[in-house]
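Trainee: I'm new to this one. Can you walk me through it?
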Amino acid sequence: MKCGIVVFPGSNCDHDVYHVLSHVLEQEATFLWHQGTSLEGCELVVLPGGFSYGDYLRAGSMAAHSPIMAAVRRHAEAGGRVLGICNGFQMLLETGLLPGAMRRNRDLRFLSVDVHLRVERDDLAWCSNYRRGDVLRMPVAHAEGNYVDTEGALDELERRGQVVFRYVDAAGRREPAANLNGSERAIAGICNAGGNVLGLMPHPERCAEEMLGNRDGLGLLAGAVAVGGRVGALAAAGG
Amino acid sequence: MTSQTSRHGRGPEGRFVARVLVYPRAEVLDPQGRAIEDALGRIGFDGVRRIRAGKSFEVALEAADERQATEAVDRMCRQLLANPIVEDYTVEWVSE
């Protein structure tokens with residue numbers, strides 16, 4: 001699958017995503033400069049982590065108005081796959097492609113730690129290598145990951161099953177202490193109603209190889225580029 | 001979301017200056033405001049009932065008339081300066 005990784009001024013996880021897609025998963029991957037207006041035929045578009053525009057104003061708010069975002073929006077609205085990781089998730093919220101907003105972390109600290117996530121959906125291509133209830137370990141690195149929306153909107157999100165990942169403890173239990181940034185409903189990742197747009201704060205691209213000591217994230221990126229169905233060979237990556 | 005337009009500070013040749021104040025919505029937890037509140041208590045300021053930490057922007061613009069200036073600043077607020085899910089904004093007009 002041809003994959004495009006959008007590069008904004010301040011992106012710093014773009015090469016990590018490129019490495020996993022291109023070298024680990026052996027997909028055709030290319031960088032797309034944020035000033036461009038074409039996705040160059042990419043089927044998967046990744047908005048990578050980093051500090052686009054220095055997180056000025058609100059994280060992701062400036063990038064949300066970059067020229068390429070019009071093309072990303074058209075791609076998403078036509079059912080194309082869009083994955084936003086960390087700062088990319090913040091951009092998806094700021095563009096309105098995903099609902100909700102981010103606040104500063106509850107304790108105001110920049111969090112750079114491994115967290116545990118529970119997989120809440122396994123009927124999406126993104127999660128085709130996981131099973132519902134799987135507990136994954138992934139790193140987070142953010143200051144604004146405290147997800148919020150109105151109570152009504154959160155209820156709607158739950159009712160439609162759009163919560164894809166939640167912060168849990170190592171045993172998969174929802175505990176306040178495991179929800180480090182204070183996100184409402186312990187939300188770590190959500191999708192749109194169609195399931196083709198996914199945003200999450202943790203970094204799957206940083207835990208996708210055995211030599212890094214953790215490859216729980218590989219299943220997600222493999223699912224992202226799978227044309228359909230389960231990717232059996234990688235199922236073990238689901239941890 | 002509120003947008004108050006008080007006295008327009010109309011300058012020469014259709015120039016306007018707006019001061020936009022953006023605050024976390026009342027019902028949204030404001031971790032920064034809370035931290036500052038706690039710090040004020042620690043250094044001896046009793047009786048502080050609430051701190052909300054916000055942002056302010058000075059927008060100097062040219063527009064044909066007051067109505068167009070008001071509309072333009074309102075659109076700026078909704079599209080970029082504030083995130084209506086978590087923030088409220090007010091607009092004041094000041095003289096340059």
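Trainee: How many strands form the open sheet in chain B, and in what order?
Mentor: 3 strands, in the order 2-1-3, with antiparallel pairing. Strands pair if DSSP finds at least two bridges between them. Strands (E, at least two residues) and helices (H or I, at least four) are DSSP runs, numbered from the N terminus. This is a predicted model: local features need pLDDT of at least 70, side-chain atom pairs count only at pLDDT 80 or more, and totals for chains, interfaces and linings use all residues. Residues are numbered from 1 along each chain as its sequence is written, and chains are lettered from A and ligands numbered from 1 in the order written.

Trainee: Which strands stand at the edges?
Mentor: Strand 2 (55–62) and strand 3 (87–94) of chain B. Each has a single partner strand, so one side of each is left without a neighbour in the sheet.

Trainee: How many bridges join strand 1 to strand 3?
Mentor: 8 bridges join these two strands of chain B; strand 1 covers residues 15–24. Within that pair, A18(B) stands opposite W93(B).

Trainee: New topic. Which residues have the most contacts inside the largest nonpolar core?
Mentor: I5(A), L21(A), V46(A), L117(A) and L221(A), in a core of 77 residues. Such a core is a set of buried Ala, Val, Leu, Ile, Met, Phe, Trp, Tyr and Cys residues joined through C-beta atoms within 7 Å. Buried means 20 or more other C-beta atoms within 10 Å of a residue's own, with C-beta atoms placed from the backbone.

Trainee: Which helix gives the most to this core?
Mentor: Helix 5 (residues 218–225) of chain A, with 6 residues. Apart from this core lies another, of 11 residues, including F16(B) and L81(B).

Technical notes:
Buried ≥ 20, exposed ≤ 12 C-beta atoms within 10 Å, placed from the backbone.
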